[in-house]
Amino acid sequence: MPPVRVGAIDLYRRIAATCRSEAGRLLATAAIVFIPLGLVEALGEKLIDVDLDSLTELEIAALAVAAVAQGATALLGEVFYSGAVAAIIVGARTGGHRPLREIARELPYGRLFAVDLLFSIALAIGLLLLIVPGIVFLTYFALSAPAVEIENRGVWGGFRRSAQLVRGRFWTVLAVVLPITVGVEILSEFGGSVGESLLGHNLLGAWLGATTVEILATPVYAVAVVVMTIALIEERGERLPGSAAAD
């Protein structure tokens, strides 16, 4: 019997079920990653408020280096988390649960970092030029990082695999990835404001807002793209790596 094609509603059900069943590991991992990253992000936001006219050239250079380091640290944390989520979900499917320390040692950081960076830059350019190309790019290549982690592909192989999986399923993937992406962005936009409204316009307030949003929202997007990747791989009649041992 050929594999059954999944629809958007079924994907949402699978995403919700995965979030429930793996909530403990997902939230614990998110807390480990995003509590310190929330502080880094809050410090970065405070750097933006600095009056550059009052600084020396050396201080401005140091500020620029700090901003780059902040961005790189945040991206690395997100890369680690997305890779960890893929490992957690695939492990649950194949019976290969691994401790977080082992996952952290084995993640292909360089490839995931490159995919995430290229994806973010290309998406930003697409959205700046015209909204539609950006949305098309998001839909076709949202599964690139999970493809790298799950199937051990290279950077360009991850992008090609994502497009291959989405081809013929564009509207289904769009109906899932776009609302979740927009929802996460909205939460991120207002998270800092909520924290500062509770604790004041200070570092603690910004830290609370950024951390709370990341811990609650990031797992949803990470689970969504991993679940879609797995579903579309299986829909093609292909096995997940390691699944044969679980049969």
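I125 is partly exposed, with a relative accessibility of 44%; in this scheme buried means under 20% relative accessible area, exposed over 50%, and partly exposed in between, for a 1.4 Å probe and protein chains only. The residue is part of helix α5 (residues 109-129), where helices (H or I, at least four residues) and strands (E, at least two) are DSSP runs numbered from the N terminus. The model is predicted, so that local features need pLDDT of at least 70 and side-chain atom pairs count only at pLDDT 80 or more, while totals for chains, interfaces and linings use all residues. Residues are numbered from 1 along each chain as its sequence is written, and side-chain values use heavy atoms, with hydrogens and water left out.

I125 also belongs to a nonpolar surface patch that it forms with L117, I121, L129 and L130. Together these five side chains have about 490 Å² of accessible area, a quantity that comes from the Shrake-Rupley method with a 1.4 Å probe, only the protein chains shown counting as cover for residues. Patches are made of residues with over 30% relative accessible area and no salt bridge, like charges being joined within 9 Å and nonpolar side chains (Val, Leu, Ile, Met, Phe, Trp, Tyr) within 5 Å.

The chain as a whole contains 10 helices and zero strands. Of its 247 residues, 41% count as buried.

Helix packing comes next. Two packed helices are described by the angle between their axes and the distance between the axes. The axes of α5 and α8 come within 9 Å and cross at roughly 55°; axes are lines fitted to C-alpha atoms, for helices over the stretch in contact, and angles run from 0 to 180 degrees between N-to-C directions. This angle makes α5 oblique to α8, since angles under 35 degrees count as roughly parallel, over 145 as roughly antiparallel, 65 to 115 as roughly perpendicular and the rest as oblique. The crossing of α5 and α8 is right-handed; a crossing has this hand if the near helix is turned clockwise from the far one by less than a right angle, and is left-handed if anticlockwise.

Helix α8 is also approached by α7, the two axes coming within 7 Å and crossing at roughly 110°. The helices α7 and α8 are therefore roughly perpendicular to each other, and their crossing is right-handed. Helix α7 (residues 144-151) is largely enclosed by the rest of the structure, because seven of its eight residues are buried. Those buried residues are S144, P146, A147, V148, E149, I150 and E151.

After α7 comes N152, in the loop between α7 and α8. N152 is exposed, with a relative accessible area of 56%. Most residues other than glycine have a negative phi, and most peptide bonds are trans. The phi of N152, by contrast, is positive, near 55°.

Side chains of opposite charge can pair when their charged atoms come close. Six salt bridges are found in a search of the whole structure, each being a side-chain nitrogen of Lys or Arg within 4 Å of a carboxyl oxygen of Asp or Glu. Among them is the pair of R153 and E151, whose closest N and O atoms are 2.7 Å apart. R153 is partly exposed at 30% relative accessible area, whereas E151 is buried at 17%. Both residues belong to a network of salt bridges that also links R161, R236 and E238.

E235 and R169 form another salt bridge, at 2.8 Å from N to O. E235 lies in helix α10 (residues 203-235) and R169 in the loop between α8 (155-166) and α9 (170-199), so this pair ties together parts that are 66 residues apart in sequence. Both E235 and R169 are buried.

The salt bridge between D10 and R14 has its closest N and O atoms 3.0 Å apart. These two residues are four residues apart in helix α1 (residues 8-21), which means that about one helical turn separates them. An α-helix has 3.6 residues a turn, so residues three or four places apart point the same way. D10 is partly exposed at 26% relative accessible area, and R14 is partly exposed at 31%.

T94 and P241 are 147 residues apart in sequence, yet 8.6 Å apart in space from C-alpha to C-alpha. T94 is found in helix α3 (residues 57-94) and is buried, with a relative accessible area of 13%.
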